Amino acid sequence: MKTKPLSADKLRNTVNPKVFKFKSTEDVRPLSGVIGQERAVKAIEFGLGMKGHGYNIFVTGLSGTGKATIVERLLRQLAVTDKGPDDWLFVHNFSEPDQPHALSIPMGKGNEFESDMSAFIESLKIELPKAFNDKYYEQHKESTLDEFEDKRNVVLRRLENYAKRHKVVIQNTSIGQRTIPLIDDREMSPEEYDALPKTARRKLDKIIDQVQIKLSAAVKEITLLENKTQEKLIKLNETVAKYAVNKNLETFKKKYSYSEAIQDYLGAVEKNIVANVGDFVSQKEERGNLLGLHIPQSQPSFTKYKVNVVSSNKNAKCAPVIVETNPTYHNLFGRIEKKAQFGALVTDFTLIKAGSLLRANGGYLLVDIESVLNHPYVWDTLKRTLRNRKLQIEDLSEELGFVSTVGLKPEPIPLDVKVVLLGRADIFHSLEFYDETFRKTFKVRADFDNSMKLDRNSYYQYASFISKVCREENLLHYDPSGVAAIIEHAQRSISDQLRASIQFGHLVNTLREANYIAENNNNKLVSAIEVEAAIHERRFRSNLVEEKFRNQIQRDIIALDLSKKIVGQVNGLAVYQAGDHSFGIPARITASTFAGKGNVIQIEREVKMSGSTHDKGVFTLSSYLSRTFAENIPISLSASITFEQNYSFIDGDSASSTELYALLSALSSLPINQAIAVTGSVDQRGNVQAIGGVNQKIEGFFDVCLQKGLTGNQGVMIPASNVQHMMVRKDIMEVVRSGLFSIWPVKTIEEGIEVLTGVPAGKRKKNGKFPPGTVYRAIQNRLINHQKESLKFKQNLKKELGISKENEKD
């Protein structure tokens, strides 16, 4: 039965504006939920609800499906039900200064603790000097020092009297004490000493040695007195300092009594202040520096008593939701900054800065996987951090060995965060295949669809979506015809009569552009006219390359026949991509046959201008030829196929049926109608299979025919399974309705060759032959005749060469 062309109504789905019972989208409640993503939303809700280790989420989907917006909204909705996380702060570690302590404190209390600590230290700067200038302290200090002076004087007088009795004087010098003998109550000179007889000198030396012994004993006794006095003063200072510190610290400790870690820290602070009270008290050196205070040599630093609040949730009312748009190593995990000091880079715990992972602790972190993978060391560190559930803030340059100085090793912070990655499906599959730890860390996948099934309910969902965008962006509202046009555009963007695109990012652009046209026309509402004008204008802005192709065809630079019937030639259809604009262009495919062994030579494949999918199509059509015609006789003809005037790489199997038609025409010598362009792939049994870009291909050939002049015989032959994908332009529908252009759907090669040649393909009879007057009978006859001619040629050649049957094997 001969294939009939499609009616115009089959060429696209048309949404009747009358299905909408509103005057404009202003009357429609704005969309509050999610359209068409039930599967993805359930997966996200599951992942967020699971508290087990590794239930982080990887969200996949095409751009424009709104996955980032939807995920963020779901995270914020869930975050409201969660309590706010603790604040995190770093403080000085008095026992290991290079390993600052990390402390947690209830939400919003971090800055308060920082202020309290600062106020506490400032108060001590006033209170401690007061305490050490107090009358009580001065009395005890003076009493202790007076006692020391008295005892020291006793020792010195005893030593002085001993030396005087032995006529020796003790003299203090810059290098210690000297013992000098006396003569006539004056110091003996070296000359006088040398003039003494040996006996007298030996006697005098013995006396001096005895005095030296007494001197050493006196020094030791005084040193012991100093040490005991120092200990008394230290105990006095500790008593005074502790009293002053405790008086200020007691209330402080009670306020934060709920935190054992803070109590431990405040205890360490107290001990350090008492031990270094001299930093707070400015004292002059008195009485041999016996005050028992550590007097700093330079201006004292109180940095060690500061509090570094790295994560504050002071204004938070729920769990944090952090969206990290630039996930560098430091932005994600934090950093340890440095400052220049006397020509060197130094750091301390106050220069530790939080990253987005710490800010999201106790909540949710949303980040793009492609950005993560683009930054060195981030992906591995993120997996390790989530696996260990601890955040280690490190200096990356130290870890890599770029800096030789000793840095800080802050205490790791326990991590409780749900990470949601956004990315393409191919990245997900690559990580799943090549990274064995990936699925242990991201156990949940949420896959966003790019389309949804159309029904009356979904029509109104689109209207609600348009209403929402119009209100949010202050656009003109849409009338029913405008809504219907947007839905049809959503269908056309994915080439489907039963489903529509939910890549709302692209649809929003159309809404804005149609609004622009409506406002310029001073319209109060946006209608289908403005929507179609916006789509037309966008196409016009992008189709310069397409027009140049058509111009070359119009000027016969690219040869294309649209009316003749030619043997071994078919007009195929290819889709080109120029940026975000795709379009169809016809291309001549020719086939030639010649004596051979049944091989099909595809010229593009031979010169490596074709991809593997296209090559597969060539092998498939070769298989079809062998299956159809080589059951009883071998195919002793070979053929070559090529895309004429093609100078670029080709791939895909959508032209395999077209190439087969050209071969069948060349084998049967039956001409093909050049007014009909063809697309479709083929399997080994001759079934014509669906292809992509069907609308672009139809429209591309139609525009060429329109430019050269419509004859009423022109059209496109497509796979029947592609009819459901047709959403051609409305102007093509009208031309088809008028009978000037046709579209034939075919299921098999046999149907297609009949449309192209006007001759039935033919069905094999029981005797193995095809019916006379058919395409396949013509091919069969030619193969048989060629086989006979080939055998006859071989026999004649043997006679001429004198080859007999007996010596043929030789």
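A pocket is an open set of points on a 1 Å grid over the protein atoms alone, where a 1.4 Å probe fits, with protein on both sides within 12 Å along at least five of seven lines; lining residues have an atom within 4 Å of a point. This is a predicted model: local features need pLDDT of at least 70, side-chain atom pairs count only at pLDDT 80 or more, and totals for chains, interfaces and linings use all residues. Residues are numbered from 1 along each chain as its sequence is written, and side-chain values use heavy atoms, leaving out hydrogens and water.

**Stop one: the pocket**

Select H489, R492, S493, I535 and R538. Of the 38 lining residues of the largest pocket, these lie nearest its centre. The volume of this pocket is about 1,200 Å³ (the space filled by probe spheres set on the points, which are joined across faces, edges and corners).

Next, select α18 (528-542). It gives the largest share of the lining, 7 residues. Helices are DSSP runs of H or I, at least four residues, and strands are runs of E, at least two, numbered from the N terminus. Other elements giving two or more residues include α16 (480-492) and β22 (581-595).

Colour the lining by type: 7 nonpolar, 17 polar and 14 charged (Ala, Val, Leu, Ile, Met, Phe, Trp, Tyr, Cys and Pro count as nonpolar, Asp, Glu, Lys and Arg as charged, and the others, Gly among them, as polar).

**Stop two: a helix pair**

Select 544-554, helix α19, and 694-708, helix α23. Their axes are 10 Å apart, at an angle of about 45 degrees (axes are lines fitted to C-alpha atoms, for helices over the stretch in contact, and angles run from 0 to 180 degrees between N-to-C directions).

Now show side chains. E546, R550, I553 and Q554 in α19 meet D703, V704, Q707 and K708 in α23 (contact means heavy atoms within 4.5 Å). The residues of this contact divide into 2 nonpolar, 2 polar and 4 charged.
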